Amino acid sequence: DRMTLAPDKPAAPVAGIDVKSLVAQVVASPRAQTMQSISPFTLEPIGDVPISTPEDVDMAFETARRAQKRWAQWTPKERARVILRFHDVMLQNRSASLDLIQLETGKTRSDASDEFLDVLLTSRHYARVAPTKLKRVKHRGVLPVLTAVSEIRHPKGVVGVISPWNYPLTLAVSDAIPALLAGNGIVLKPDAQ
């Protein structure tokens with residue numbers, strides 16, 4: 001009796017990987033109350049957003065836990081390809097993204113561009129360095145030649161991210177991308193403002 005709202009268009013495959021199967025957009029009960037989102041830019045309604053209940057939050061975390069187990073099995077290089085694809089899709093949709101940032105936050109085009117560019121730079125940077133930073137590192141053991149030690153980085157699981165009202169896109173993405181690249185799942189709670 002829950003619904004998951006997903007994009008109308010299917011996600012483009014990333015090197016044969018079905019990304020959409022790992023992503024839940026909005027988790028809310030079909031009977032969820034809604035809140036009208038008002039644009040500070042125009043003072044007109046943008047749309048209705050479901051208000052998640054504690055049960056919905058539990059379900060979101062359970063969904064993220066299941067997806068995270070599959071996601072963590074991917075290599076850092078495979079996860080980085082998904083983030084680089086995210087970068088490319090954002091870049092291809094620059095104008096629409098800037099319009100949305102302005103509409104939702106009331107920012108000037110210049111300020112919206114700053115936020116948008118930060119997302120592009122952050123995603124590209126972390127996707128480029130993650131495979132190296134997350135790879136297994138071998139060290140000599142206590143008894144050289146006889147022993148060796150491997151340093152392995154394991155994901156933590158599901159990470160909660162709360163996006164603030166003033167830079168909702170950049171601060172959510174800047175926290176989510178490194179966590180995703182490390183093999184974690186994300187549950188994002190955007191600010192109601």
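Is Asp99 buried, partly exposed or exposed? Asp99 is partly exposed, with a relative accessible area of 40%. Here, buried stands for under 20% relative accessible area, exposed for over 50%, and partly exposed for what lies in between (1.4 Å probe, protein chains only). Please keep in mind that this is a predicted model, in which local features need pLDDT of at least 70 and side-chain atom pairs count only at pLDDT 80 or more, while totals for chains, interfaces and linings use all residues. Residues are numbered from 1 along each chain as its sequence is written, and side-chain values use heavy atoms, with hydrogens and water left out.

**Salt bridges**

Let us stay with Asp99 for a moment. Its side chain meets that of Arg109 in a salt bridge, 2.6 Å from N to O. Asp99 belongs to helix α3 (residues 94-105) and Arg109 to helix α4 (residues 109-133), so the pair ties together parts that are ten residues apart in sequence. Helices (H or I, at least four residues) and strands (E, at least two) are DSSP runs, numbered from the N terminus. Arg109 is itself partly exposed, at 33% relative accessibility.

A salt bridge is counted when a side-chain nitrogen of Lys or Arg is within 4 Å of a carboxyl oxygen of Asp or Glu. The structure has five salt bridges by this rule, and the table shows some of them, including the one above.

| Pair | N to O distance |
|---|---|
| Arg109 and Asp99 | 2.6 Å |
| Arg153 and Glu151 | 3.0 Å |
| Glu62 and Arg66 | 3.7 Å |

Shared partners link Glu62, Arg65 and Arg66 into one salt-bridge network. Within helix α1 (residues 54-72), Glu62 and Arg66 lie four residues apart, about one turn of the helix. Glu62 has a relative accessible area of 36% and is partly exposed; Arg66, at 47%, is partly exposed as well.

**Rings**

The structure holds one aromatic pair. Its members are Trp71 and Trp74, with 4.8 Å centre to centre and 55 degrees between the planes, which makes the pair tilted. For such a pair, ring centres of Phe, Tyr and Trp (its six-membered ring) lie within 6.5 Å; planes under 30 degrees apart count as stacked, over 60 as edge-to-face and the rest as tilted. Both Trp71 and Trp74 are buried.

**The nonpolar core**

A nonpolar core is a set of buried Ala, Val, Leu, Ile, Met, Phe, Trp, Tyr and Cys residues joined through side-chain atoms within 4.5 Å. How many residues does the largest nonpolar core have? There are 14, and Ile83, Met90, Phe116, Ile177 and Leu181 have the most contacts inside it. At least two residues of this core come from each of α2 (76-92), α3, α4 and α5 (168-181). Helix α4 supplies the largest share, six residues.

**Also in α4**

Ser110 has its place in helix α4 and is partly exposed, at 48% relative accessibility. Ser110 and Leu98 are twelve residues apart in sequence, and their C-alpha atoms are 9.3 Å apart in space.
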